[in-house]
Amino acid sequence: MVERQPVVILGGGGFIGANLARRYLDLGNQVVAVDVDFPDFRLDALDGATLLERDLRHLDQVCSVMYPGALVFHLAADMGGVGYFHSDADWPASLNNARITLNVAQAAAQSGIDRLVYASSACACATEAQGAPLDEAMIGWGTPDARYGQEKRHGAHLFASAPFDARVAILHTVYGPLQEHDGVRMKFPAAVATKALAARETGRLEVWGDGRQLRSYLFVDDAVDRLVTLAEADENPGPIMVGAEGSVSCDEIARLCLDLAGVPDAEIVHVDGPVGVAARDCDLSRWRAVFGEPSQRSYREGFAEFMAWLDGIGAEAVA
């Protein structure tokens with residue numbers, strides 16, 4: 001049996017990182033997960049990986065995990081949902097993320113790693129492209145979404161021109177098991193799913209704004225499929241979209257989650273709160289041209305699996 005390449009996941013204690021670690025462990029790779037914290041509810045997924053606590057804002061700590069010959073995923077970021085990045089958290093988070101990304105770029109360039117995959121974000125794309133599905137050209141013009149998006153655009157351009165093999169995944173919203181499901185960092189899919197479960201008792205579900213905001217959501221297993229495909233491709237395709245194609249409104253997802261929770265007649269209540277851009281979708285034309293048709297779980301199937309996991313761990317909205 002041929003020994004598979006070691007994999008280092010920066011941000012391996014996070015949502016996507018833990019799911020990615022599980023996939024590579026199942027494939028037989030040696031996996032090193034690096035993070036400042038490893039939440040208890042993700043530890044089962046990380047069973048078999050080497051867990052290293054490092055603060056990647058410090059260059060020496062990044063250098064300590066850059067092993068020659070390794071495949072490295074840079075998923076580490078100070079991040080959250082729209083509420084987090086439209087608050088005072090945006091400024092310090094951007095400083096943290098900039099320090100981490102510059103450190104990773106410098107350490108990778110001098111360490112002899114095999115290749116690196118950097119997780120950029122749809123927030124890096126032009127906010128002026130309201131309603132149009134986002135394609136790869138949209139990280140090259142216009143205004144990114146908040147300081148977080150500005151930093152993610154800088155990272156995409158930095159790694160796209162790196163003097164080593166660095167691939168850039170422009171991630172749209174991902175959801176599914178192991179996601180943050182409480183606190184200020186919770187993103188909309190987890191927030192709406194936990195609120196739907198709580199609606200069994202409250203009879204209501206709150207949505208920020210008018211509920212007509214449009215987004216697309218990629219199930220985490222599909223996201224992991226694409227990250228592995230991108231990482232292991234013979235050729236570097238340049239920055240490429242990793243997201244779901246086909247946007248839906250926040251109210252549609254809320255109604256779907258209420259149906260899955262068994263309370264389809266619960267009331268959806270619209271309240272004031274940050275909503276971000278009015279519309280965001282993903283154009284997968286380039287992905288199809290390079291890699292063929294990607295897997296994409298239906299929203300009903302994906303949210304059903306996600307809510308079954310949330311139900312199983314007793315997750316429930318606190319507000």
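**Entry 1: Arg204**

I began with Arg204, which counts as partly exposed because its relative accessibility is 34%, between the 20% limit for buried and the 50% limit for exposed. I keep in mind that this is a predicted model. I then looked up where Arg204 sits, and found it in strand β8, residues 204–208. Next I asked which residues Arg204 is in contact with, leaving aside its neighbours within four places in sequence. My list reads Lys195, Ala199, Ala266, Glu267 and Val269. I also checked Arg204 against Val32: they are 172 residues apart in sequence, and their C-alpha atoms are 43 Å apart in space.

**Entry 2: the sheet**

I turned to the strands and traced an open sheet of seven, with parallel pairing. I noted the order as β3-β2-β1-β4-β5-β6-β11. Which strands stand at the edges? They are β3 (50–53) and β11 (240–242); each has a single partner strand, so one side of each is left without a neighbour in the sheet.

I found Ile170 standing opposite Met241 in β11. A helix, α5, packs on this sheet as well, touching β4 (71–74), β5 (115–121) and β6. I noted that the direction of α5 makes about 155° with that of β5.

**Entry 3: α4 against α5**

I reminded myself that two packed helices are described by the angle between their axes and the distance between the axes. For α4 (residues 90–111) and α5 (residues 146–160), I wrote down an angle of about 10° and axes 8 Å apart. The two helices are therefore roughly parallel to each other, as angles under 35 degrees count that way.

What does the contact consist of? I sorted its residues into nine nonpolar, five polar and three charged. From α4, I noted Trp91, Asn97 and Leu102 among them, and from α5, I picked out residues including Tyr148, His154 and Phe159.

**Entry 4: helix α7**

I finished with α7, residues 220–232, a helix of 13 residues. I checked its reach from first C-alpha to last, which is 18 Å, close to the 18 Å expected at 1.5 Å a residue. Which residues of α7 are buried? I listed Val220, Asp222, Ala223, Val224, Arg226, Leu227, Val228, Leu230 and Ala231.

Methods:
Residues are numbered from 1 along each chain as its sequence is written. This is a predicted model: local features need pLDDT of at least 70, side-chain atom pairs count only at pLDDT 80 or more; totals for chains, interfaces and linings use all residues. Side-chain values use heavy atoms; hydrogens and water are left out. Axes are lines fitted to C-alpha atoms, for helices over the stretch in contact, and angles run from 0 to 180 degrees between N-to-C directions. Helices (H or I, at least four residues) and strands (E, at least two) are DSSP runs, numbered from the N terminus. Angles under 35 degrees count as roughly parallel, over 145 as roughly antiparallel, 65 to 115 as roughly perpendicular and the rest as oblique. Contact means heavy atoms within 4.5 Å. Ala, Val, Leu, Ile, Met, Phe, Trp, Tyr, Cys and Pro count as nonpolar, Asp, Glu, Lys and Arg as charged, and the others, Gly among them, as polar. Two strands pair if DSSP finds at least two bridges between them. The expected span of a helix is 1.5 Å times one less than its number of residues. Buried means under 20% relative accessible area, exposed over 50%, partly exposed in between (1.4 Å probe, protein chains only).
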